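Please read the following briefing alongside the sequence and the coordinates, which are shown first. The points after the lead sentences are grouped by topic.

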Amino acid sequence: MKLLRSLLLLLPLFAAYDVQAAKIAVTDLAYAERVSGYFHFVDYHNKSSERASHSERERDSFESSSASSRSSYSGRSQTDYTEVESSYSYIEYGELRKFVGDIKGEILKNGGFQLTQAKPYTAKGSEKIYDIISRIKKGAYPGADYVLFGTVSELDFRDEVNPIIGTDTLSNTFSLSLVAEFSLINTRTYEVKAAFSATGEGQDVRVVTGGSRVVPSRGKVVSEVSKSLGIDVARQINEQLGGGESYPNPNPANGNTMQEGEVMHFSQ
Amino acid sequence: MHPFKKIPLAIVLSLLTACASQKPAPRPGSINAKVEQLSEMSYLQVTDLRAVKRNHLLTVQAEISNPDSDNQQLYYRFKWFDANGFAVGGEEAWKPVLVYAHQKQTVTAVAPSPQVTDFRMVVQSPDNTGSMP
């Protein structure tokens, strides 16, 4: 009985050790993008030559006089003209080597996993980039128990200028939103332990008065996207694996924080 | 008058003064919590106040009512604060508004920065003797 009790007491420790020992590798975000292009090629050659000659002869004596003149002209011109136009389209596959640093950081902060480094996908882009089982088998994630495989669903840059009502100023909003799908895959059984889509958003808002020009900070926007994506990923992993414990909100809304479009009406 | 007779009177007077100078704190979420009056306006009243976040900028609209039969002059300006309560931007200039007799006037202001999360509307009128709106 005593042995059973001590075993029961030790059970959570083993479980904790098991969770601690789980190693996770985070892939770079795979993407597929249709690349379209158009070309218009014009080749024009013109070659021309011309030749002209002129001679005059004049003879004058006491008895007679004679004069003769002779001129000749020849010309030649050759033109070659080639015009080709066409459009092309292909799908480009690759990995986005950005935005995963903060995902790793948030997973480490959570403390549930250890991280291992994944080998980057450097082969010529093809649809094989999505064959995660083949990549696991090829040993792209050494030492990892789980792979967090992410693919880009949408990457959307927006640059908007809106007039501010009641003023002569404009609000210039430069924003980026990134939506990516993630699957947490067991490298031995290929079981999907968690799957979700996460969003990262960042924006740089400037107030512009007439005639002034602003240059948005792309670095700030990218940094915000990366951070918010990392937090969203860690929150959803925590939700799906962490037994429903609430993930701490990094930006707790205080009483004064208003959401876009929310109207606050003050009473008498 | 006997000098001791003056003491209760002085105490009563001082208590009355203290009561008069200490107004109750405005209720959070009320207009009075957002409107600062430089002394108290007799005739003009802020009868409606609302705020919305548009294009990431806080936009405030206030309605000023003049129930009096004479036109009233109002001067107003806004103070803007970030989430930590620090003032954002410099001091605004006072803006004059003439509120006609028995009419309402709407004033609108937009925060100078997306960091702004809170505001105070500071108002004053030349005829400042009355009670709180």
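In this predicted model, β6(A) and β7(A) form a hairpin that leaves five residues between the two strands, and A:Y190 in the turn has a positive phi of about 60°. Helices (H or I, at least four residues) and strands (E, at least two) are DSSP runs numbered from the N terminus, and two strands pair if DSSP finds at least two bridges between them. Residues are numbered from 1 along each chain as its sequence is written, while chains are lettered from A and ligands numbered from 1 in the order in which they are written. Because the model is predicted, local features need pLDDT of at least 70 and side-chain atom pairs count only at pLDDT 80 or more, whereas totals for chains, interfaces and linings use all residues.

**Hairpins of chain A**

- The strands β6(A) and β7(A) pair in the antiparallel sense over 17 bridges, and within this pairing A:L170 stands opposite A:V208 of β7(A).
- A:Y190 lies in the loop between β6 (169–186) and β7 (192–209) of chain A, and this residue is exposed because 12 other C-beta atoms lie within 10 Å; by the cut-offs used here, a residue is buried with 20 or more other C-beta atoms within 10 Å of its own, exposed with 12 or fewer, and partly exposed in between, the C-beta atoms being placed from the backbone.
- A further hairpin joins β2(A) to β3(A) through four residues, and strand β2 (residues 29–60) of chain A runs antiparallel to β3(A), with 32 bridges between them.
- A:R51 stands opposite A:S74 in β3(A), and this strand, β3 (residues 65–96) of chain A, is hardly covered, with one buried residue among its 32 residues.

**Loop residues of chain A**

- Most residues other than glycine have a negative phi.
- A:F99, a residue other than glycine, has a positive phi near 70°, and its place is in the loop between β3 and α2 (101–110) of chain A.
- A:F99 counts as buried because it has 22 C-beta neighbours inside 10 Å.
- A:P216 is found in the loop between β7 and α4 (218–241) of chain A, where it counts as partly exposed because it has 16 C-beta neighbours inside 10 Å.
- Leaving aside residues up to four places away in sequence, A:P216 touches A:F174, A:D204, A:R206 and A:V221, where contact requires that the C-beta atoms of two residues, placed from the backbone, lie within 7 Å.
- A:P216 and A:D159 are 57 residues apart in sequence, yet their C-alpha atoms are 9.1 Å apart in space.

- The contacts of A:V147, not counting residues up to four places away in sequence, are A:A25, A:T27, A:I132, A:I136, A:Y141, A:I185 and A:T187.

**Contact between the chains**

- The contact takes 23 residues from chain A and 21 residues from chain B.
- On the side of chain B that touches chain A, α2 (31–34), β2 (45–54), β3 (57–66), β6 (103–110) and β7 (116–124) of chain B each supply at least two residues, and the largest share, five residues, comes from β2(B).
- Strand β8 (residues 263–266) of chain A pairs with β2(B) in the antiparallel sense over four bridges, and A:M264 has B:A51 as its bridge partner in β2(B).

**Open sheet of chain B**

- Four strands of chain B form an open sheet in the order β1-β7-β4-β5, with mixed pairing.
- At the edges stand β1 (35–37) and β5 (95–99) of chain B, each with a single partner strand, so one side of each is left without a neighbour in the sheet.
- Strand β4 (residues 72–82) of chain B pairs with β5(B) in the antiparallel sense over five bridges, and the bridge partner of B:Q73 in β5(B) is B:L98.
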